[in-house]
Amino acid sequence: MTVHPSLQTYADAWTHSIEAIAELVQPLPEGEWNRATPCPGWSVRDIVSHVIGMECEMLGDPRPIHSLPRDLYHVQSDFSRYMEMQVDVRRHHTAPEMTSELEYILIRRARMLRNESRSPDTLVRAPLGAEQSLEVAYRMRAFDVWVHEQDLRVALNKPGNLDSPGALVARDNLLTVLPKVIAKDAGAPPHTAVVFDVSGPVEFMRTVRVDADGRGTVDGAPSLGPAVTFALDWETYVRLACGRVKPAAVADRIKVEGDEDLAAVILANFAVTP
């Protein structure tokens, strides 16, 4: 590959996860494509359709001209309508059509990566007509395909890759939004510290500190007197942060010490993916 060194980690993680997705779905009989996944409203087919659609957009392909049905309960915003278009247009595609299109997209995107010579700060297309840097686009694709690989693994009962390159991208991506979750969304008071002690395939301990002005930061240094400490496993952390489960459904997998009211508000605001 010829991608810029700062893009290589994301390119490698994306490649690992999307090849895992292709391997998971290639042998599936037609009926298995309709299995529900933890991603609200989406089946196995819908997840793969979404992945295909987003990679088409990375390639610069035109978006489909398509009218969405009015009865899709999980479509609640302009962003979700944008995402649903690539999914709904493929809802009646057969298993062979899905796997062949995924395979073709993989070939095209691999070629694109091999020939990638743009700098990381080059502006490229983003959802809803916005723009983002190439580095952000690469990072978000690596994050997205890993999360959806996990959706498929749960739906198909084939766990794995919780510590893959994509998992590490997901960890870093989710940690960058943690200060906003604690300080802004949950409204933790100034001079508060909240500790996350995460175990399992991806282990880390991070402290979110809210300063006198109500701004949050995250670091790896321990806190002597945190307001709340959460101890949970990596898979549960991801499922909560990506909105795949409600806190009440995994309460037995989360150990909370400290201010229980603040802890409840944090958990209620923990999902960060649209």
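**Cavities and sheet**

Modeller: By the grid rule, 4 cavities of 30 Å³ or more are counted. This is a predicted model, in which local features need pLDDT of at least 70 and side-chain atom pairs pLDDT 80 or more, while totals for chains, interfaces and linings use all residues. Residues are numbered from 1 along each chain as its sequence is written, and side-chain values use heavy atoms, without hydrogens and water.

Biologist: What makes a space a cavity here?

Modeller: On a 1 Å grid over the protein atoms alone, a cavity is a set of points where a 1.4 Å probe fits but cannot get out. The largest cavity holds about 100 Å³, a volume being the space filled by probe spheres set on the points.

Biologist: Which element gives the most residues to the lining of the largest cavity?

Modeller: Lining residues have an atom within 4 Å of a point; α5 gives the most, with 4 residues. Helices are DSSP runs (H or I, at least four residues), as are strands (E, at least two).

Biologist: Why does one side of β5 and of β7 lack a neighbour in the sheet?

Modeller: Two strands pair if DSSP finds at least two bridges between them, and 5 strands form an open sheet in the order β5-β4-β3-β6-β7, with mixed pairing. β5 (216–219) and β7 (254–258) stand at the edges with a single partner strand each, so one side of each is left without a neighbour.

Biologist: How do you know that β3 and β4 pair?

Modeller: The definition asks for at least two bridges, and 6 bridges join β3 (residues 193–199) to β4 (residues 204–210), which run antiparallel; Val-198 stands opposite Phe-204 in β4.

Key: On a 1 Å grid over the protein atoms alone, a cavity is a set of points where a 1.4 Å probe fits but cannot get out, and a pocket is an open set with protein on both sides within 12 Å along at least five of seven lines; lining residues have an atom within 4 Å of a point.
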